[in-house]
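Keep the picture open as you read, and look for each residue when its name comes up.

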Amino acid sequence: KNKFLSFFKNNDHMEISDSSVVPKNDPTLLFINSGMAPLKNFFTGVEKPPYKRLCDIQPCIRTIDIDSIGDKHHLTSFQMLGSWSINDYFKEKAISLAFKFLTEGLNIPKEKLYVTVFAGDEELGLPLDTEAYGFWKKVGMPENHIIKCGKEDNFWGPTAETGPCGPCTEIFYDTGEGEEYLPGKEFDTKKRYIEIWNAGVFMQLNKNSDGTFSKLSFTSVDTGAGLERLSMVLNGFSTVYDTDLLNPIKKFIESKIPSDKKLCEKDIRIMTDHLRTASLILSEKVSLSNEGRGYIPRKLIRRCMMIIAKNKIKNFDFSEVIAFVLDNYSDLFPRFSENRDFILSEIRKEQVQFEKILENGLEKLENINNSKKKITAEIAFD
């Protein structure tokens, strides 16, 4: 984290403080989902930034990948290392800085790096990003390490229905596991090539409420690198759950599973991720509820409780795990200490409440199963 901030400050960026994961004056978001989200008004010209170049480390919540949690690198919460140029430098400088930080600042061999650029899109009426492609060649990236990808992968934003957006260029690390990329073949981003940095969302467009795009009055750059993934790569680990950001939680959960029971690796990873994220949200004094912002931590906690119930583990104390997270990560998230009592109180209430629901539901299922009766729509819904 210090290396990242020092590098960008040495390149004339101002460090700014991070924001709460609960958005301020932005009804379009439940949670801050990117480093750029709290700074949105700077890019539209609504507010004036404190400086033209900024950097910070922002905790983010992103549940869009919830069904992928348990694999090597997806998470519902992460720390985003971000740097921005607001109406200052654009694609060439952004690509040069990213390449220099990874290869010189972190000593990652360039042979291990692959990049993607926006291939263009007829439907959007947008061409191939030839500029980004050319600048990657200029810094020394081999052409067979530059992959053209569509809008799903390389057109970013906006963070809500409308707002600043544009083509982006992403950097991937070659783990060496699985099928090697060859030009024209599939670029395997699930196993072999892991995205470590969106090295430039080139904000040159604004998405309007009618779905059309218009040019912004000035261009800007938004970058974001996940601390957990970078830590994984630099330590030579195969998953983010091996890093010191997550492994202690994972080990603590494992130590609380009775010796005669065994959870699969995926379930332990899900619990590790979900309980850390729930702690982060609750630390903002968000109360658990059945709708809106409070539904997300409730859903995460209940998914963990379902894992424990599914494996027929009795008397598992979730507040013990949460207390471990709060005690061991308060240096990263200061509100863990400030709101410790509130967080633990919410967890304990939820465990008592949902255990009753689970017990009743499982009993009903057992009765239905034993009765051998036809399961009606009403029974299934209940």
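We begin with helix 3, residues 91–105, whose 15 residues at 1.5 Å a residue should span 21 Å; the end C-alpha atoms are 20 Å apart, which agrees. The expected span of a helix is 1.5 Å times one less than its number of residues. Helices here are DSSP runs of H or I with at least four residues, strands are runs of E with at least two, and both are numbered from the N terminus.

A word on the source: this is a predicted model, where local features need pLDDT of at least 70 and side-chain atom pairs count only at pLDDT 80 or more, while totals for chains, interfaces and linings use all residues. Residues are numbered from 1 along each chain as its sequence is written, and side-chain values use heavy atoms, with hydrogens and water left out.

**Helix 3 and its end**

Which residues of helix 3 are buried? They are K91, A94, I95, L97, A98, F99, F101, L102 and T103. Buried means under 20% relative accessible area, exposed means over 50%, and partly exposed lies in between (1.4 Å probe, protein chains only). An α-helix has 3.6 residues a turn, so residues three or four places apart point the same way.

G105 also belongs to helix 3. With a relative accessible area of 28%, G105 is partly exposed. Not counting residues up to four places away in sequence, G105 touches K3 and K100; contact means heavy atoms within 4.5 Å. G105 and V352 are 247 residues apart in sequence, and their C-alpha atoms are 49 Å apart in space.

Just after helix 3 comes N107, with a positive phi of about 60°. N107 sits in the loop between helix 3 and strand 4 (113–118), and it counts as exposed at 59% relative accessibility. Most residues other than glycine have a negative phi, and most peptide bonds are trans. K285 is another residue other than glycine with a positive phi, near 60°; look for K285 in the loop between helix 8 and helix 9 (295–310).

**Helices that pack together**

Two packed helices are described by the angle between their axes and the distance between the axes. The axes are lines fitted to C-alpha atoms, for helices over the stretch in contact, and the angles run from 0 to 180 degrees between N-to-C directions. Here are two pairs.

| Helix pair | Angle | Axis distance |
|---|---|---|
| Helix 3 and helix 4 (residues 130–139) | about 40° | 9 Å |
| Helix 7 (residues 247–255) and helix 10 (residues 318–328) | roughly 155° | within 10 Å |

Angles under 35 degrees count as roughly parallel, over 145 as roughly antiparallel, 65 to 115 as roughly perpendicular, and the rest as oblique. Helix 3 and helix 4 are therefore oblique to each other, and helix 7 and helix 10 are roughly antiparallel. The crossing of helix 7 and helix 10 is right-handed, and helix 3 passes helix 4 in a right-handed crossing. A crossing is right-handed if the near helix is turned clockwise from the far one by less than a right angle, and left-handed if anticlockwise.

Which residues meet where helix 7 and helix 10 touch? P248, I249, F252 and I253 of helix 7 make the contact with E320, V321, F324 and V325 of helix 10. Between helix 3 and helix 4, K91, E92, I95, S96 and F99 meet E131, A132, F135, W136, K138 and V139.

**The nonpolar cores**

A nonpolar core is a set of buried Ala, Val, Leu, Ile, Met, Phe, Trp, Tyr and Cys residues joined through side-chain atoms within 4.5 Å. The largest one has 88 residues, and those with the most contacts inside it include L102, W136 and I196. Helix 8 (residues 265–282) gives the most to this core, with 8 residues. A second, separate core of 14 residues includes I16, F42, L54 and F218.

Helix 6 (residues 227–235) is mostly covered, with 7 of its 9 residues buried. Among the elements that cover these buried residues are helix 3, strand 8 (193–207) and helix 8. After helix 6 comes G236, with a positive phi near 70°.

H73 lies in the loop between strand 2 (53–61) and strand 3, and at 4% relative accessibility it counts as buried. Leaving aside neighbours within four places in sequence, H73 is in contact with T189, K190, I194, R229 and V240.

D267, in helix 8, is buried too, with a relative accessible area of 8%. Its contacts, leaving aside neighbours within four places in sequence, are I307, K310 and N311.
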